[in-house]
Amino acid sequence: MSKKIGRLTPPSDGQEITWREGVLEIPERPIIPFIEGDGIGPDIWRATKSVLDRAIDKAYGGSKSIAWLEVYAGEKAKETYDEWLPQDTIDALKHFRAGIKGPLTTPVGGGFRSLNVTLRQVLDLYACVRPVRHIKGVPSPVKDAKLVDMVIFRENTEDVYAGIEWEEGSGGAQKLIQFLQAELGKRVREDSGIGIKPISVTGSKRLVRKALEYAVAQGRTDVTLMHKGNIMKYTEGAFKEWGYQVAEEEFSDRVVTEARMWDELGGKLPDGKILLKDRIADAMFQQVLLRPAEYQVIATTNLNGDYLSDALAAQVGGLGMAPGSNEGDGLALFEATHGTAPKYAGQDKVNPGSLILSGVMMLRWLGWHEAAELVETGIAAAVREKRVTYDLARQMKGATTVKTSEFGQTIVSSF
Ligand code: NAP
């Protein structure tokens with residue numbers, strides 16, 4: 001039995017996930033904290049929870065299940081704790097190792113940073129993982145969306161997201177501008193705001209390591225380092241170099257670089273190997289549109305990854321169906337990638353696909369692949385039957401518009 005965490009009482013019949021020497025141990029009934037989220041969060045969470053529970057039950061006949069523990073962030077935390085992100089929530093997510101969350105309002109004013117960014121930083125969830133794959137029948141703006149089957153690993157803790165910046169005219173900005181001129185001989189206009197872009201060996205290597213580990217585990221044969229190193233040599237360029245280093249130091253038996261493939265192997269990737277290449281960020285945006293089949297796993301810095309994730313999500317039908325996770329070592333938080341869409345809150349209207357598919361990622365992280373497959377097949381069936389929420393229905397001829405809850409029920413009815 002798990003003891004209380006602050007004001008939270010974990011379910012007495014659940015067990016803790018453990019992480020020993022790099023290996024996760026998953027009990028039959030793990031305690032998993034969830035954050036319902038703001039705006040449309042409760043609607044999509046209700047549908048997601050019911051789909052996940054039913055899939056697990058169907059797949060394992062009651063021998064596995066999740067002991068859910070509600071934890072609070074955003075508006076519900078403000079009501080319950082009078083805080084936006086209580087320490088209890090952080091402690092529970094750390095302790096129980098896996099969590100799932102709906103979208104959260106970013107409080108405006110008062111110097112608040114995004115709760116999502118804060119959660120990633122305090123839990124050191126250093127990899128934002130976004131699988132992007134087309135589900136047959138989902139409307140897409142491109143000719144052949146099925147060619148898109150990629151997983152983006154976006155560095156989650158540094159780059160311009162480190163939040164080290166000073167407003168134009170502030171004491172900090174002025175001091176830095178003077179320092180740059182006086183000590184380093186670099187001129188910056190007096191009326192500039194200043195932001196700092198740290199990219200470290202540590203942050204880069206652990207992110208690329210995670211992407212390579214994923215490629216090895218999933219039998220993927222292609223990993224691309226996306227960077228803007230032609231302009232930002234010591235940050236983006238260094239990310240690329242450190243990426244190649246980690247491949248050479250730790251994956252040399254599995255990885256072949258593109259240069260080596262052409263110089264020494266006649267342009268052919270040997271069986272069982274992973275091709276490691278790099279692409280400049282602007283070219284990459286063209287590549288994923290023009291030659292999507294050539295990219296499977298993409299490892300990149302924070303800002304590049306932010307842009308690329310949304311662009312790729314659009315290629316396969318939009319954010320309503322795009323899942324994501326934030327992962328550290330033996331710790332993961334799965335989340336809807338869209339926002340709180342407040343105008344639709346409480347209407348049982350929006351698409352729960354993003355959160356349900358994030359739940360699928362969580363099932364796979366737990367090693368519960370049979371349940372994950374059931375849900376994926378159920379979503380594909382709902383789309384095939386054209387029983388979809390308004391966002392998809394308005395783009396699909398002959399579709400029946402269903403509510404959030406009904407979309408969940410359609411998925412479950414296919415199990
Ligand atoms: P948003 O909440 O993502 O909504 C923008 C539009 O996207 C909606 O009006 C709707 O389009 C569509 N949409 C979003 N989720 C959908 C779903 N599940 N099903 C169908 N359509 C969906 O973006 P926002 O209005 O910019 O942000 C609102 C709040 O969310 C802000 O406070 C922001 O900070 C926060 N936010 C949180 C997260 C997060 O927690 N991860 C991420 C982004 C934003 P239509 O109007 O065309 O139907």
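Tutor: Start with a term. Buried means under 20% relative accessible area, exposed means over 50%, and partly exposed lies in between. Keep in mind that this is a predicted model.

Student: How many aromatic pairs are there?
Tutor: A pair of aromatic rings is described by the distance of the centres and the angle of the planes. Ring centres must lie within 6.5 Å to pair. By this rule the count is eight.

Student: Is the pair of F34 and W68 stacked or edge-to-face?
Tutor: The centres of F34 and W68 are 6.2 Å apart, and the planes make 85 degrees. Planes over 60 degrees apart count as edge-to-face. So the pair of F34 and W68 is edge-to-face.

Student: How many residues apart in sequence are the parts that F34 and W68 tie together?
Tutor: F34 lies in strand β3, residues 31-35. W68 lies in strand β4, residues 67-70. The pair therefore ties together parts separated in sequence by 34 residues.

Student: Are F34 and W68 buried or exposed?
Tutor: The cut-off for buried is under 20% relative accessible area. Both F34 and W68 are buried.

Student: W68 also pairs with W45. What are the distance and the angle?
Tutor: The pair of W45 and W68 is edge-to-face. W45 lies in helix α1, residues 41-60, and W68 in strand β4, so the pair ties together parts 23 residues apart in sequence. Both W45 and W68 are buried. The rings sit 5.1 Å centre to centre, with 85 degrees between the planes.

Student: Which residues do ring pairs link into a cluster?
Tutor: W68 pairs with F34. W68 pairs with W45 too. The cluster is F34, W45 and W68.

Student: Now charges. How many salt bridges does a search of the whole structure find?
Tutor: A salt bridge needs a side-chain nitrogen of Lys or Arg within 4 Å of a carboxyl oxygen of Asp or Glu. The search of the whole structure gives 28.

Student: In the salt bridge of R46 and D43, which residue is buried?
Tutor: The closest N and O atoms of R46 and D43 are 3.5 Å apart. The two residues are three apart in helix α1, which means a separation of about one helical turn. R46 has a relative accessible area of 52%, so R46 is exposed. At 5%, the buried residue is D43.

Student: Which helices does the salt bridge of R209 and E250 tie together?
Tutor: The side chains of R209 and E250 meet at 2.7 Å, N to O. R209 lies in residues 201-218 and E250 in residues 233-250, so the pair ties together parts 41 residues apart in sequence. R209 is partly exposed at 25%, and E250 is partly exposed at 38%. The helices are α6 and α7.

Student: Which residues do salt bridges with shared partners join into one network?
Tutor: The network is R133, R364, E373 and E376.

Student: What is the charge of the surface patch that includes D191?
Tutor: D191 lies in the loop between α5 (171-184) and β9 (194-195). At a relative accessible area of 55%, D191 is exposed. E167, E168 and E190 gather with D191 in this patch. The charge is negative.

Student: What is the area of the nonpolar surface patch with I164?
Tutor: I164 is in the loop between β7 (149-155) and β8 (165-166). I164 is partly exposed, at 34% relative accessibility. W166 and I196 complete the patch. The area is about 230 Å².

Student: What is the phi of E21?
Tutor: E21 lies in the loop between β1 (18-20) and β2 (23-25). E21 is exposed, at 83% relative accessibility. Although E21 is not a glycine, phi is positive, about 45 degrees.

Notes
Residues numbered from 1 in each chain as written. Predicted model: local features only at pLDDT ≥ 70, side-chain atom pairs only at ≥ 80, totals over all residues. Heavy atoms only, no water. Patch = residues over 30% accessible without salt bridge, like charges linked within 9 Å, V, L, I, M, F, W, Y side chains within 5 Å. Areas by Shrake-Rupley, 256 points an atom, 1.4 Å probe, with all protein chains shown as cover. Lys, Arg positive; Asp, Glu negative; His and termini not counted. Charge placed at Lys NZ, Arg CZ, Asp CG, Glu CD. Helix = DSSP H or I, 4+ residues; strand = E, 2+ residues; numbered from the N terminus. Buried < 20%, exposed > 50% of the residue type's maximum accessible area, 1.4 Å probe, protein only. Phe/Tyr/Trp six-rings, centres within 6.5 Å; stacked < 30°, edge-to-face > 60°.
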